[in-house]
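Thanks for coming. I will go through one structure, strand by strand where that helps, and finish with the ligand.

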Amino acid sequence: MSIQKVSTRPFKDQRPGTSGLRKKVTTFQQPYYLENFVQSIFDVIGEIKGKTIVLGGDGRFYNREALQIIIKMAAANGIGRTMVGLGGILSTPAASCVIRKHGLLGGIILSASHNPGGPKGDFGVKYNIENGGPSPEHVTECIYKRSLEIDTYRFFDAPDVDLDQLGENRIGEMVVEVFDPVADYLQLMERLFDFDRMRGLLSSGEFNMVYDGMNAVTGPYARAIFERRLGAPPGTVINGDPLLDFGGIHPDPNLKHARELVEIMRSENSPDFGAASDGDGDRNMILGRRFFVTPSDSLAVLAANADLVPGYSGGLSGLARSMPTSMAVDRVAESMGIPCYETPTGWKFFGNLLDAGKVTLCGEESFGTGSDHIREKDGLWAVLFWLNLLAVKGESVERIVQAHWRKFGRDFYSRHDYEGLEADSANGLMSHLRDSLPGLVEKRLGNYEVEIADNFSYTDPIDGSLSTGQGIRIIFRGASRIVFRLSGTGTEGATLRVYLERYETDLERQDQDTQEALSDLITIANNIAQIRARTGREAPSVIT
Ligand code: G16
């Protein structure tokens, strides 16, 4: 066993995106690729000697191999203790929970989130800092800069650690602790939610639920929580074993990819409540019987009813949403007399607000919801929040949402994704939009009058940092909007996201079909962005 210093050369493509470095598995398998990025992390995060970090991933292909490499690099870099989830499993929210609970230096999470897995799928590495949240931009920028100049990495040449046995191992001076990745997280959930009440609901015989783990990381957590702790019958959790390729499922909990769950919830005898989470467990989708709750509505409903849940009954300090998320939650904040912050896309932008105690709940249209309990969005937390509400209110998911619309108005909302576009045409479309902005203000487009047309920028209220170019906003009078931005998480070509929102207070018109309600805005979006002409696409690849 010995420490080696290995000579290497930089790769030029290791700039972290919206959520860490995400690339094809085959890219990560190139010699030194993973090593360079991990060494770049260790090189820039400050004093690491003797400190503790947590490691784990969503169980996808290359998870175990990457963990063994990172463990040995951690030992060679002087880390004192590395905690690794049993079987290499650790959900993103659980990683955040463990970092905070044990006061760790940080953690490395291996996941490409909702992107497909397997030998031809995607892989990813993300570094979370001591507050449990994703590295802020200035840290990811340092990691990237370091990755451009790196010429050596450190590696401890030692046998692999057995990741399937709980307990302590040693590599050189470093202790490797293989720990139960569910325990701390479950304890935190027990503090926030009324487990007795939820248990009562699930054992009443009058209520049933189904949870889809999408063969990804949340299966073991969901079985422990819903089936063992809350007494739901075995089989409540479907696709509950983390598999290397997620069993061929694209682990993105939306209406297209969570097909099995969606079919169950549309069937004649559907359960009362359905939910799913993504590859690494930070996203959530909420369904009632033949009823889909948009993530934007979900955030607004949770905020409006937070006083019914023990962890939030003391009140909310503020709310936050990412810019493309619907404005439904803004109205809840207004009615409560608390602030609502609008941040760029990316959970890292909530970090400072949460740390400063300015925000209690926050969320994004991209199926992410969370609170100040950790510094990541949290899929199972959102499902438990809903379950707790259902147990207290004794009403169906649909009724709860419809009552919300009656009180606050409804934000018809949809996202149209054009995936796998040629980067040049996607960039051309965005630059055409940027050029068109000045001419759009005050213009009438069909029945809509443009109030604001800009490229969103954000000044962090806590540290004053400025983030520009965060998406094109066309805001119409009467609180309807179209937003355009390019995805920061894809690994193939470019993905254009078009976010459409129309606010409706007329009760008679709140029952329309969403796409129909948005049809005028869809036409306007196509026209101003010249989507067909510039991308050659007749229709979006995914509509959520
Ligand atoms: C990541 C971030 C989210 C963000 C999403 C946006 O999600 O953590 O905060 O909303 O990306 O993705 P895109 O840039 O493709 O629109 P995840 O679940 O992939 O970590």
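This is a predicted model: local features need pLDDT of at least 70, side-chain atom pairs count only at pLDDT 80 or more; totals for chains, interfaces and linings use all residues.

Residues are numbered from 1 along each chain as its sequence is written, and side-chain values use heavy atoms, with hydrogens and water left out. Helices (H or I, at least four residues) and strands (E, at least two) are DSSP runs, numbered from the N terminus. Two strands pair if DSSP finds at least two bridges between them.

Back to β26, residues 494-504. This strand runs antiparallel to β25, and 6 bridges join the two. On the other pairing of β25, 5 bridges join it to β24, residues 472-476, again antiparallel. Two of the partners there are Arg-473 with Val-483 and Phe-476 with Ser-480. The hairpin of β24 and β25 has 3 residues between the strands, and Gly-478 takes a positive phi near 90°. β24 also pairs with β21, residues 448-455, in the antiparallel sense over 5 bridges; Ala-453 has Ile-474 as its bridge partner in β24.

How much of this is covered? Buried here means under 20% relative accessible area, exposed over 50%, and partly exposed in between, with a 1.4 Å probe and protein chains only. For β24 the count is 5 of 5. Ile-472, Ile-474 and Phe-476 point one way from β24, Arg-473 and Ile-475 point the other way, and all are buried. As background, in a regular strand the side chains alternate between the two faces of the sheet.

Next, another sheet. Which order do its strands take? It is an open sheet of 5 strands, β11-β10-β12-β13-β14, with mixed pairing. The edge strands, each pairing on one side only, are β11 (237-238) and β14 (291-293). β10, residues 209-212, runs parallel to β11 and is joined to it by 2 bridges. Asp-212 stands opposite Ile-238 in β11. Helix α14, residues 397-408, packs on the sheet, touching β12 (273-277), β13 (284-288) and β14; contact means heavy atoms within 4.5 Å.

A brief word on helix α4, residues 92-101. Of its 10 residues, 8 are buried, including Pro-93, Cys-97 and Ile-99. Ser-91 caps the N-terminal end, with a side-chain oxygen 3.0 Å from the backbone nitrogen of Ala-94. After α4 comes Gly-103, whose phi is positive, near 60°.

Finally, the ligand. Which residues come nearest to it? Of the 19 residues around the ligand, they are Glu-364, Arg-485, Ser-487, Thr-489 and Arg-497; a residue counts as near if one of its heavy atoms lies within 4 Å. Ligand oxygen atoms lie 2.7 Å from a side-chain N or O atom of Arg-485, 2.6 Å from one of Ser-487 and 2.5 Å from one of Thr-489. The protein covers 99% of the 460 Å² of accessible area that the ligand has on its own, with areas from the Shrake-Rupley method and a 1.4 Å probe.

Note on methods: Axes are lines fitted to C-alpha atoms, for helices over the stretch in contact, and angles run from 0 to 180 degrees between N-to-C directions. A polar contact is a pair of N or O atoms within 3.5 Å; within protein, one must be able to donate a hydrogen and the other to accept it, and residues adjacent in sequence count only if both atoms are side-chain atoms.
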